[in-house]
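Please read this briefing with the structure open beside you. It covers a few backbone and packing details, grouped by topic.

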Amino acid sequence: MAKFQTLQEAVAKNLHDGDVAAFEGFTHLIPFAAAHEAIRQGRKDLTLIRMTPDLIYDQMVGMGMAKRLVFSYVGNPGAGLLLRVRDAVEKGWPNEIEIEEHSHAGMANAYEAGAAGLPCAVFRGYRGAGLKEVNPNIRSITCPFTGEELAAVPSIRPDVTFIHAQKANRNGDVLINGIIGIQKEAVLAARRAVVTVEEIVEDFAGVSPNACVLPQWTVTAIAVVPGGANPSYAHGFYDRDNAAYLAWNDIAGDRERFAAWMKDNVLEASPEVFAERVARLRKGNA
Amino acid sequence: MSASPATPTEMMTIAAARALKNDDVCFVGIGAPSAACNLARLTHAPGITLIYESGTIGTAPDVLPLSIGDGELCETAVTTVSVPEMFRYWLQGGRISVGFLGAAQLDPYGNINTTVIGDYHHPKVRLPGGGGAPEIATSCGEIFITMNQSKRGMVQNIDFFTSFGHGRGGNHRQELGITTKGPTLLVTDLAVWKPHPETKAFQVVSLHPGVTRQQVKEACGWQVAYADDVGETPPPTALELDTLRDLRARTERAHRAA
């Protein structure tokens, strides 16, 4: 049964030190506001799962919240590397982190298996790939019908998944539009799910019967945070801030510059700033 | 129209675009492949189906996306599916004819490293990793690769097998039970390369206009081999060059404007 809460409450109640947490959204609808709240609350020793760590985990890793990172592409999409994650992996700053690396197909299958309540995912993958030599969680299984050797990975079952979505209705059902990525699977695979939304509407009248809707009983908490995906975007609401993604390389490239940026833009900010940040990125204001 | 002759990178993009056919279904890697695939769509292959791993199928963006999940990819797509559906039904299901990849490090057998320089557990440089590439490399009908040549990028032995090409060469793919063709084309800023029919090692089949064998050698970390009859890559047409430059200019404006 979804509870409508402030972002502070929703994060405090659902994210604890040591949790296995997924903040998902495949380039689109990345839950930055929820991550920033988690940073302000100072959670630590987290296992952070995300297909594309993106700036959101660069920031969390750089703030020392992660003990383990599970991922399949650790770049700044289209703009280079994630320099805070790189500093942690190469130099152990601000702390050493363990990594568990997969391909996108591996993680997508693992989330789906988690949502399906299965212990593992089976697919045709990792053939000739070096990852299976360095990640003991990539194994193989023989098809009992054809004898084909297939890849197997454990399912992903987070303690908590955070996503951002366009809308919730008064019942607490959640609607996701556009590039829907892995969000549905990440929510259904998790014990608890926290959703930030752009807005709450009366109902979903007129929405396609095949739209991606998470019924209210699959969601633990909903917080309204307009702009909460910035610098990622919300289809139909505001655009991706590509300039901010390009600018991140300079900020993340230096430990002190990063710390100063996090102080000004996260530690001393509040969820309300996201609405101001996206004002110029809204449709028609470009 | 075009004021200046094509740069080597423009020549690379144009030669790569020409390899795509109107009826191809192409899984598009970000960066150099994305420019080539969209140039093909805007010139000789208007019917091509472009797929990005974010789930957008049959997309037709007006500018090159910065990420694989930019909003315009979804807005212009025939349909947008979830990421597990993309990798399970469409890629693993064998629906995609060409995978177009870039590479940080490439060996002569088309094996690609985008994961680490140095040892995996204690890397000198931690690169982004594979993303969709490990399965793109084995599930698409064939693989085209495009990258700028350098001694650091084109090496005899890569540090990590992110995506499998022809392995040790010969029949190594078949030995691993892989039924797709693997790398069939490499387009660099200097030349067009294809695998030797038996060894599967890349050899130069054409040099871009004005490029010498000495230049290719100086920008390649392995012993360069040449096909029996090496031709010259046809120079860019005015349409190809103008279309590419317009696309680049629109893209630059769009990404810096925000």
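How many residues of chain B are in contact with chain A? The count is 43 residues of chain B, which touch 49 residues of chain A. The model is predicted. The points below start with that contact and then turn to chain A.

**Contact between the chains**

- Five elements of chain B give two or more residues each to the side that touches chain A: helix H3 (71-75), helix H4 (83-92), strand E9 (123-126), helix H5 (133-139) and helix H8 (238-257).
- H4(B) provides the largest share of that side, with 5 residues.
- By class, the side of chain B that touches chain A holds 20 polar, 17 nonpolar and 6 charged residues.

**Domains of chain A**

- Chain A is divided into two parts: domain 1 takes in 3-102 + 157-278, and domain 2 takes in 125-153.
- Domain 1 of chain A is written as two segments, and the numbers of domain 2 fall between them.
- The centres of domain 1 of chain A and domain 2 of chain A, taken over C-alpha atoms, are 30 Å apart.

**Helix packing in chain A**

- Helix H1 (residues 7-14) of chain A packs on helix H2 (residues 32-40) of chain A at an angle of about 65 degrees. Their axes are 10 Å apart.
- H1(A) is therefore roughly perpendicular to H2(A), a term that covers angles of 65 to 115 degrees.
- The crossing of H1(A) past H2(A) is right-handed.
- H1(A) makes the contact through Leu7(A), Gln8(A) and Val11(A). H2(A) answers with Ala33(A), Ala34(A), Glu37(A) and Ala38(A).
- The residues of this contact between H1(A) and H2(A) divide into 5 nonpolar, 1 polar and 1 charged.

- H4(A) is mostly covered, with 7 of its 9 residues buried.
- The buried residues in H4(A) are Leu83(A), Arg84(A), Val85(A), Arg86(A), Asp87(A), Ala88(A) and Val89(A).
- Gly92(A) follows H4(A) and has a positive phi, near 70 degrees.
- Trp93(A) and Pro94(A) are joined by a cis peptide bond, with omega about 0 degrees.
- Pro94(A) sits in the loop between helix H4 (83-91) and strand E7 (98-101) of chain A.

**Another cis peptide bond**

- The peptide bond from Asn230(A) to Pro231(A) is cis, and its omega is near 10 degrees.
- Pro231(A) lies in the loop between strand E15 (221-224) and helix H8 (242-252) of chain A.
- As background, most peptide bonds are trans.

- Most residues other than glycine have a negative phi.
- Thr27(A) is not a glycine, yet its phi is positive, about 70 degrees. Thr27(A) is found in the loop between strand E2 (20-23) and H2 of chain A.
- Is Thr27(A) buried or exposed? Thr27(A) is buried, because 27 other C-beta atoms lie within 10 Å and the cut-off for buried is 20 or more.
- Asp45(A) is a residue other than glycine with a positive phi, near 55 degrees. Its place is in the loop between H2 and strand E3 (46-49) of chain A.
- Asp45(A) is partly exposed, with 14 other C-beta atoms within 10 Å.

How values were computed. Residues are numbered from 1 along each chain as its sequence is written. Chains are lettered from A and ligands numbered from 1 in the order in which they are written. This is a predicted model: local features need pLDDT of at least 70, side-chain atom pairs count only at pLDDT 80 or more; totals for chains, interfaces and linings use all residues. Domain bounds come from an automatic or database domain assignment. Axes are lines fitted to C-alpha atoms, for helices over the stretch in contact, and angles run from 0 to 180 degrees between N-to-C directions. Helices (H or I, at least four residues) and strands (E, at least two) are DSSP runs, numbered from the N terminus. Angles under 35 degrees count as roughly parallel, over 145 as roughly antiparallel, 65 to 115 as roughly perpendicular and the rest as oblique. A crossing is left-handed if the near helix is turned anticlockwise from the far one by less than a right angle, and right-handed if clockwise. Two residues are in contact if their C-beta atoms, placed from the backbone, lie within 7 Å. Ala, Val, Leu, Ile, Met, Phe, Trp, Tyr, Cys and Pro count as nonpolar, Asp, Glu, Lys and Arg as charged, and the others, Gly among them, as polar. A residue is buried if 20 or more other C-beta atoms lie within 10 Å of its own, exposed if 12 or fewer, and partly exposed in between; C-beta atoms are placed from the backbone.
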